[in-house]
Amino acid sequence: MTSTPPDMVGKALLLLTLLGDYPDGASLSEVARKAGFPPSTAHRLATALVRDGYASVDEASRRYSLGLQTFSLASRVAHRHGFAGSALPVLRTLADRTAESALMSVIDGHHQLYVHHVQGSHSVSVSGEPGRRGPLHCTSMGKVLVAFAAEPARSELVEHLELTAFTPHTIVDRQRFREEIDEVSRQGYAVADEEHEAGIRAIGVPVRNPDGVTVAALSVAAPAYRVSRERLLDYLPALNEAAQELTVRLPPR
């Protein structure tokens, strides 16, 4: 169960966040249980969110989902950070050059927030869902975001991230994770070898602003049966070129 905020604004935001985990909608009882709300509280909040357009409800199934007003706000944030107009064409070029899926994420507390996904040209390729949060410790972009975070955030993440095991290959030992992040810092890129999802390999690099501050991460991800760990390194030149182009394209933050 998610920790319940004490105020109504916090509860409403938590309800919206949880609805984001259900692209096909969720029953109010399901979301209320996950949030730790009494059904009456969830109903009152959902009614207000639907009224103002931040959530919608299918009258037939009574399933709730995010509304267009939430999409509008998210689009404004994407525009402000250059994620739509500036970044998306770069990711499309990256996907074209590698024939594999290109992804972009930013750090969000102890998680990463997926900002962009461009499908590869192969009939079977890795999919992604912009707007969804993901782990930092077991993905190529997540490791990059940790390794190139500014202090003291970097040390806090290295020492306190929850090292949840997603596959048998996930790094769950704290000392081994420290060593992994140090290696990423030295080599300038990160590899995830079936650590988050079985059958998926990825390689990621940092995106820096003109002052050298890391603002995002880029990755190329592919099915493990098609791309070996060694083959991932062939994508580094295209990844680094894309990252350098974004340094110029993204607006100052």
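Visitor: Buried means under 20% relative accessible area, exposed over 50% and partly exposed in between, with a 1.4 Å probe and protein chains only. What percentage of the 253 residues count as buried?

Guide: For this protein of 253 residues, 46% count as buried. The model is predicted, so local features need pLDDT of at least 70 and side-chain atom pairs count only at pLDDT 80 or more, while totals for chains, interfaces and linings use all residues. Residues are numbered from 1 along each chain as its sequence is written, and side-chain values use heavy atoms, with hydrogens and water left out.

Visitor: Handy. How many helices and strands are there?

Guide: The protein has 10 helices and 9 strands. Helices (H or I, at least four residues) and strands (E, at least two) are DSSP runs, numbered from the N terminus.

Visitor: Which residues touch the most other members of the largest nonpolar core?

Guide: Ile203 and Leu218 do, in a core of 30 residues. Two or more residues each come from α5 (83-98), β4 (101-108), β5 (111-118), β8, β9 and α10 (236-249). A nonpolar core is a set of buried Ala, Val, Leu, Ile, Met, Phe, Trp, Tyr and Cys residues joined through side-chain atoms within 4.5 Å. There is also a second, separate core of 22 residues, with Tyr114, Phe148, Val184 and Ala221 among its members.

Visitor: And what does Leu218 touch?

Guide: Leaving out residues up to four places away in sequence, the partners of Leu218 include Leu91, Met141, Ile203 and Leu246. Contact means heavy atoms within 4.5 Å.

Visitor: Switching to Arg201: buried or exposed?

Guide: Arg201 counts as buried because its relative accessibility is 15%. It belongs to strand β8 (residues 200-208).

Visitor: Which side chain does the Arg201 side chain join in a polar contact?

Guide: That would be Asp193, at 2.6 Å. A polar contact is a pair of N or O atoms within 3.5 Å; within protein, one must be able to donate a hydrogen and the other to accept it, and residues adjacent in sequence count only if both atoms are side-chain atoms. Arg201 also touches Glu194, Val220 and Leu232, among others.

Visitor: Where is Glu194, then?

Guide: Glu194 sits in the loop between β7 (190-193) and β8. Its phi is near 55 degrees, a positive value in a residue other than glycine. Glu194 is buried because its relative accessible area is 19%.

Visitor: OK, Phe148. What lies over its face?

Guide: Arg208 does, at 4.9 Å from the ring centre. A charge sits over a ring if NZ of Lys or CZ of Arg is within 6 Å of the ring centre and within 35 degrees of the ring normal. The backbone oxygen of Phe148 is also reached by the side chain of Thr214, at 3.3 Å. Thr214 is in strand β9 (residues 214-223), and its contacts include both Phe148 and Arg208.

Visitor: How many residues of helix α6 are buried?

Guide: In α6 (residues 140-147), 8 of the 8 residues are buried, so the helix is largely enclosed by the rest of the structure. Lys143 is one of those buried residues.

Visitor: Last one: which peptide bond is cis?

Guide: The bond from Glu151 to Pro152 is cis, with omega near 5 degrees. Pro152 lies in the loop between α6 and α7 (153-160).
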